[in-house]
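Welcome, and thanks for taking a look at this one.

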Amino acid sequence: MKSIIFIAPPAAGKGTHSELLKKKFGYLHISTGNLLREIIATASTLGREVKNIITRGDLVPDEIVIEILGKKLEEIKGKPFIIDGFPRTLPQAEMLNEFLEKEKINYQVIYLDLSEDVAIERALSRLTCECGKTYNLSDDKFKPKKENICDVCGKKLIKRTDDNELSFRVRYNVFMDNMKPILDFYREKNKLKIINVNRASESVQEDIFEVIK
Ligand code: AMP
């Protein structure tokens with residue numbers, strides 16, 4: 001089974017698609033955003049630093065993210081995985097490439113292409129749970145069964161501190177500024193597939209299955 005690297009602007013649904021693929025095919029799902037939020041939850045000095053950066057909508061420095069992802073990849077060696085949220089810079093792509101080549105991992109990069117307007121609408125209506133499950137009030141399919149309560153663990157849903165219009169615009173622009181060299185990097189390796197996600201999630205999912213089969 002091919003491992004998958006999802007590259008996508010914020011709120012494009014990389015977390016949601018990763019979870020569906022995890023359930024259907026048994027992938028391990030690594031989200032650098034979730035790993036960073038776990039560090040924030042420890043309330044350490046590093047956690048406070050990361051929280052400020054994420055709340056502003058900026059990128060966490062490469063050295064921190066690369067170290068966190070490197071540790072995770074060592075832990076899960078040998079199992080097919082989905083990486084969501086990494087790489088976000090060229091040095092991150094180079095680090096990941098070194099690992100993939102060293103371990104001879106077959107992989108596919110999928111870019112989920114989403115317009116800024118649709119992305120912002122989705123981000124502003126997104127709710128998350130501590131357990132990692134994400135909901136979206138803009139679409140009946142992604143609403144929780146009970147208002148504000150997680151279907152999976154029953155906890156109260158929260159709004160991510162970076163899902164507000166100001167930090168969302170920063171995140172979207174930071175993403176777009178960094179994305180081009182990363183896409184070129186994978187295009188040159190003939191590893192890039194682009195999927196338009198300005199449409200219903202079922203048809204997006206079908207296209208993803210087609211690409212990874
Ligand atoms: P996400 O959950 O993927 O939307 O990530 C939330 C935030 O975590 C981003 O806006 C960044 O501040 C930070 N982050 C996640 N992944 C990375 C990464 N690969 N490099 C730098 N910052 C990251």
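Let's begin with helix α1 (residues 14-25), which has 12 residues and reaches 16 Å from its first C-alpha to its last, close to the 16 Å expected at 1.5 Å a residue. Please keep in mind that this is a predicted model.

**Helix α1 and its surroundings**
- The buried residues of α1 are Lys-14, His-17, Ser-18 and Leu-21.
- Looking down the axis of α1, you will find these buried residues within an arc of 100°, so they line one face of the helix.
- An α-helix has 3.6 residues a turn, so residues three or four places apart point the same way.
- Among the elements covering the buried residues of α1 are β1 (3-7), β2 (28-31) and α8 (201-212).
- Gly-26 follows α1 and has a positive phi, near 80°.

**Where α2 meets α4**
- The axes of α2 (residues 32-41) and α4 (residues 62-75) come within 11 Å and cross at roughly 105°, which makes α2 roughly perpendicular to α4.
- Thr-32, Leu-35, Leu-36 and Ile-39 of α2 make the contact with Val-65, Ile-68, Leu-69 and Lys-72 of α4.
- Six of the residues in this contact are nonpolar, one is polar and one is charged.

**Backbone details in the loops**
- The peptide bond from Phe-86 to Pro-87 is cis, with omega near 5°, and Pro-87 lies in the loop between β3 and α5 (90-102).
- Asn-148 has a positive phi near 65° without being a glycine; this residue is partly exposed, with a relative accessible area of 32%.
- Asn-190, also not a glycine, has a positive phi of about 60° and sits in the loop between α7 and β7 (192-196).
- Asn-190 is exposed, at a relative accessible area of 70%.

Key
Residues numbered from 1 in each chain as written. Predicted model: local features only at pLDDT ≥ 70, side-chain atom pairs only at ≥ 80, totals over all residues. Heavy atoms only, no water. Axes fitted to C-alpha atoms, helices over the stretch in contact; angles between N-to-C directions. Helix = DSSP H or I, 4+ residues; strand = E, 2+ residues; numbered from the N terminus. Parallel < 35°, antiparallel > 145°, perpendicular 65-115°, else oblique. Contact = heavy atoms within 4.5 Å. Nonpolar A, V, L, I, M, F, W, Y, C, P; charged D, E, K, R; others polar. Expected span 1.5 Å × (residues − 1). Buried < 20%, exposed > 50% of the residue type's maximum accessible area, 1.4 Å probe, protein only. Arc of directions from axis to C-beta.
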